[in-house]
Amino acid sequence: MTQAPVLDVKELKTSFFSSDGEVPAVDNISFSVNKGEILGIVGESGCGKSVTSLSIMKLIPQPPGKIVGGEILLNGEDIVPASEKRMREIRGNDIAMIFQEPMTSLNPLFTIGNQLVEGIILHKKVNKKEAFKIGVEMLKLVGLPRAEQIMKEYPHQLSGGMRQRVMIAMALSCDPKLLIADEPTTALDVTIQAQILSLMKNLNKKLDTAIIMITHDLGVVAEVCQRVIVMYAGKVVEEASVRDIFKNPKHPYTVGLLESIPDVREKKERLYSIPGNVPKPGAIKQGCRFAARCANVHDRCFVEDPPLYKAADGHHVRCFLHAAGGEN
Amino acid sequence: MELSTNKEMQVPIEPAEEKAVSPWLEAWRSFRKNKLAVIGTFIVLFFVLLAIFAPYIAPEGINEQKLTTSDRLQAPSSEYWFGTDDFGRDVFSRVVYGSRISLWVGFLAVIGSIVIGCLLGIVAGYYGKWVDSVISRFFDILLAFPSILLAIAIVAVLGPSLRNALIAIAIINIPNFGRLIRSRVLSVKQEEFIMAAKAVGMKNSRILFHHVMPNSIAPIIVQGTLAIATAIIEAAALGFLGLGAEAPNPEWGKMLSDARAFLTQAPWTLFFPGLAIVLTVLGFNLMGDGLRDALDPRMKN
């Protein structure tokens, strides 16, 4: 914690403007990612995870989306007001991103090598031959056999797991300081998931790249992350180390999430599920956003929006139940 | 016997290694299997060769008039394969030379409308917003007119000639290509690899020409082939109306219109240019359908 963080997001607010007016998809969230750290962002579908990551890349489709407020400090530089030209330098070079669907993240008409080399030439001052060499090395690094041959193949000839490896190779080919992985294993089957996760963990150690792991799978979080942010309806509801989240979850939502994980050791008749759905962004104007689904709800929750309370060192919770620790 | 077993042993066990096959090569393979498409291609190829080697194939020039009665309006014979017209000109030679004009007009007009239509369509689809509105309304306006009427109007303004007919045909086909590629760009734009390309830090123009365009080109090729057929018909129609090729030029539509007067006396003067038009158009249509099946399996049926 002594070093300056690679990424420091401060009170980021991203809204979408529709005919119904402004809908905040990400509402005043703050977090930071330290050098070499793997941070998990967890939440149900539609809670603003992907919007957060696209905001950091500044790839929010605009219109209707817009970063309305806050700062995104990348190595101390605020990129919210940065020009599109500057962003192009940053993307791929400083921040790279891998997507959920490896099947569609590669252009079907070009060879792997073609696409891999393209990005390398864009950011590194190298010629085609050198770029090809770097590409082959990257493919070897992500554990693909017969790398030279794969460079000449088309995406449809590779399996999902291999394509995701290619995507990771592509993302890491310019030594970014930060890698945003938006549900990188969701579309893969379980065995491949484990491989990809351990690959990312190894690369994180080897290259010292900070990773933001966006997922809805708490298993993935337990596997690779060091710190976790739990998001709900566009807000951070809990932030803690992985250990604390699993051993000592504070927010009723986190508790609910953990309870809904099937456990092999126990045979339950029914799995626990949190009642209700994630509210539509902007639907709740007043009070805690989780109040309607919360098991420990008070009258106060419907009126006031709780701030982020400090539960322990490095453990923050947005819930009145933990107000004792004082406001953060 | 021993030798042969030895040989077999020596063959290294190679894993069923898939050779890198480009999507284009794959399309070609499935195209080859389609009999009708191959027939269409041969017809097109036949006319293209006819056009290229016209001076060697045609026994006479396009305007060698023989005004003696014995040579005028002669029925097909060993001397005049397709007979002669009212000026005693060899219809076969004129049909052969006519293929030059028709194919030339067809290709050039379509290439023109593809280039302009694609540029407008890509810009409209990719940048969206008001650019899209302006360009799309322009397409709508062009499409609001019946195409042949619009072509006639354009030729009427520019003056009747083959070149102006070509320009008119190119213009009336622009919205077809423009709208096609615009819709294609709109759907390709949503693909994740475009987002991935942006995430790597690629410029808009590069994404446009390197990622969006190649993925939009297949339907353009299909539509282009089919459009050549329509362009040939349109050129013939304009020629028939006297708005295309001028007098001695053996444009097929013009030949039809000249032959009208002798329909009962000398039907061959009408039949052969007509047959040429039908065959060429059929060839392009078959080829275009085959290309569609090969390049864009979703569009089948």
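**View 1. α5(B) passes α8(B) in a right-handed crossing.** A crossing is right-handed if the near helix is turned clockwise from the far one by less than a right angle, and left-handed if anticlockwise. Helix α5 covers residues 91-127 of chain B and helix α8 covers residues 162-189 of chain B; their axes are 5 Å apart and the packing angle is about 35°. Axes are lines fitted to C-alpha atoms, for helices over the stretch in contact, and angles run from 0 to 180 degrees between N-to-C directions. Helices (H or I, at least four residues) and strands (E, at least two) are DSSP runs, numbered from the N terminus. The contact of α5(B) with α8(B) has 23 nonpolar, 8 polar and 3 charged residues. Here Ala, Val, Leu, Ile, Met, Phe, Trp, Tyr, Cys and Pro are nonpolar, Asp, Glu, Lys and Arg are charged, and the others, Gly among them, are polar. The model is predicted: local features need pLDDT of at least 70, side-chain atom pairs count only at pLDDT 80 or more, and totals for chains, interfaces and linings use all residues. Residues are numbered from 1 along each chain as its sequence is written, and chains are lettered from A and ligands numbered from 1 in the order in which they are written.

**View 2. Helices α7 (residues 147-158) and α10 (residues 204-240) of chain B cross at roughly 55°, with axes that come within 11 Å.** That angle makes α7(B) oblique to α10(B); angles under 35 degrees count as roughly parallel, over 145 as roughly antiparallel, 65 to 115 as roughly perpendicular and the rest as oblique. The crossing of the pair is right-handed. From α7(B), I148(B), A151(B) and V155(B) make the contact, and from α10(B), E234(B), A237(B) and L238(B). Residues are in contact if their C-beta atoms, placed from the backbone, lie within 7 Å. By class, this contact of α7(B) with α10(B) holds 5 nonpolar residues, no polar ones and 1 charged.

**View 3. α10(B) meets helix α11 (residues 252-259) of chain B, the axes coming within 6 Å and crossing at roughly 40°.** The two helices are therefore oblique to each other, and the crossing is right-handed. On the α10(B) side the contact includes A237(B) and L238(B), and on the α11(B) side W252(B) and K254(B) are among the residues involved. The contact of α10(B) with α11(B) divides into 7 nonpolar, 3 polar and 1 charged residues.

**View 4. Strand β1 (residues 7-18) of chain A runs antiparallel to strand β4 (residues 65-74) of chain A, joined by 8 bridges.** Strands pair if DSSP finds at least two bridges between them. F16(A) stands opposite G65(A) of β4(A). β4(A) also pairs with strand β5 (residues 77-78) of chain A, in the antiparallel sense over 2 bridges, and there L73(A) is opposite D78(A). The hairpin of β4(A) and β5(A) has 2 residues between the strands, and N75(A) takes a positive phi near 50°.

**View 5. At the interface, 25 residues of chain A are in contact with 18 residues of chain B.** On the chain A side, α2 (84-90), β6 (95-98) and α3 (112-123) each supply at least two residues. α3(A) gives the most, with 3 residues. By class, the side of chain A that touches chain B has 10 nonpolar, 9 polar and 6 charged residues.

Technical notes:
Contact = placed C-beta atoms within 7 Å.
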